[in-house]
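Take a look at the model below. We will walk through a sheet, strand by strand, and then stop at one residue in a loop.

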Amino acid sequence: MPEYQLELFCRSRISKNQSRFHDLAIVRWCGKLNDDYSEMPKVLLEYKDGTSFHSKPDLLIGILSPSYPTIILVPELDIYRTLSKSQIYAPTHRFLEIGCANGVTVFGVAKYTQCSIAVGIDKGFEPIIQARDRHSHPNARFLRMDILEKKPETWSKELYELLTECMDSSCALDPLFSHVFIDINGSRPIEDLQRTVQRVILYLRPQMICIKTSKWVERMQSNTCDVLRWKTE
């Protein structure tokens with residue numbers, strides 16, 4: 001029977017319904033597989049403090065080490081929120097969600113990760129009021145803003161001022177946010193979403209951009225190539 005060995009960085013959950021992730025771990029051993037690879041045994045995770053934990057493989061979430069920047073498209077909200085919590089694992093990480101609605105994703109990041117700050121922005125007044133009322137957290141901030149309406153110099157300055165008010169003056173703010181998640185494609189054309197991604201790349205320069213968009217995913221699946229043509233702003 002073939003033996004499957006793997007070494008990678010990951011995070012895991014005890015169950016698929018659990019919001020909290022274990023700390024960053026390394027998969028050291030996966031045991032033996034059946035000849036037809038139909039069953040995967042539990043894996044052994046080793047943590048920094050020397051402890052270990054056995055987990056089912058389907059509960060593991062790989063940790064991405066993105067080049068600068070990496071763009072991830074996801075069609076479903078649960079995948080989007082899983083990535084938001086699993087990929088934020090260091091105190092140096094700063095999280096921004098564009099199109100935060102009532103703040104559920106931002107609150108999850110602020111509560112269940114080690115990020116220094118989680119910021120949510122939305123173009124609507126009511127969603128921001130609801131987010132502030134329902135999802136208050138010391139590391140969460142909510143701001144009414146539409147980055148397609150304002151000049152980039154204006155909204156990027158407002159985000160910079162927000163971070164300087166909330167964080168230690170010794171913190172390096174370049175880039176402003178390490179991870180930017182975007183969820184605005186429900187009622188807006190895909191061209192607006194592409195313009196938003198363009199502005200994020202040019203003015204925020206995060207390590208990772210994650211976009212919830214079934215429309216864009218469908219377009220890429222139906223076409224051999226879907227190239228974004230950036231326009232100079």
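This is a predicted model: local features need pLDDT of at least 70, side-chain atom pairs count only at pLDDT 80 or more; totals for chains, interfaces and linings use all residues.

Start with strand E10 and strand E11, which covers residues 208-212. These two strands pair in the parallel sense, and four bridges join them.

Now turn to another partner of E10. Strand E7, residues 94-98, also pairs with E10 in the parallel sense, again over four bridges. Look for Glu97, which stands opposite Phe181 in E10. Then look for Ile98, whose bridge partner in E10 is Ile182.

What happens on the two faces of E10, residues 179-182? Both are covered. His179 and Phe181 point to one side, Val180 and Ile182 to the other, and all four are buried. Buried here means that under 20% of the relative accessible area is left.

Step back to the whole sheet. It is open and has six strands, in the order E6-E11-E10-E7-E8-E9, with parallel pairing. Which strands stand at the edges? They are E6 (70-74) and E9 (140-144). Each has a single partner strand, so one side of each has no neighbour in the sheet. Neighbouring strands are also turned against each other, by 15° on average when direction is ignored.

A helix joins the picture. Helix H3, residues 125-134, packs on the sheet. There it touches strand E8 (117-122) and E9. The direction of H3 makes about 160° with that of E9.

Last stop: a loop. Thr113 lies between helix H2 (104-112) and E8. Is Thr113 buried or exposed? Its relative accessible area is 11%. The cut-off for buried is under 20%, so Thr113 counts as buried.

What does the side chain of Thr113 reach? Another is the backbone nitrogen of Cys115, at 3.3 Å. Leaving out residues up to four places away in sequence, Thr113 touches Ser84, Lys85, Ile88 and Gly108.

Note on methods. Residues are numbered from 1 along each chain as its sequence is written. Side-chain values use heavy atoms; hydrogens and water are left out. Buried means under 20% relative accessible area, exposed over 50%, partly exposed in between (1.4 Å probe, protein chains only). Two strands pair if DSSP finds at least two bridges between them. Axes are lines fitted to C-alpha atoms, for helices over the stretch in contact, and angles run from 0 to 180 degrees between N-to-C directions. Contact means heavy atoms within 4.5 Å. A polar contact is a pair of N or O atoms within 3.5 Å; within protein, one must be able to donate a hydrogen and the other to accept it, and residues adjacent in sequence count only if both atoms are side-chain atoms.
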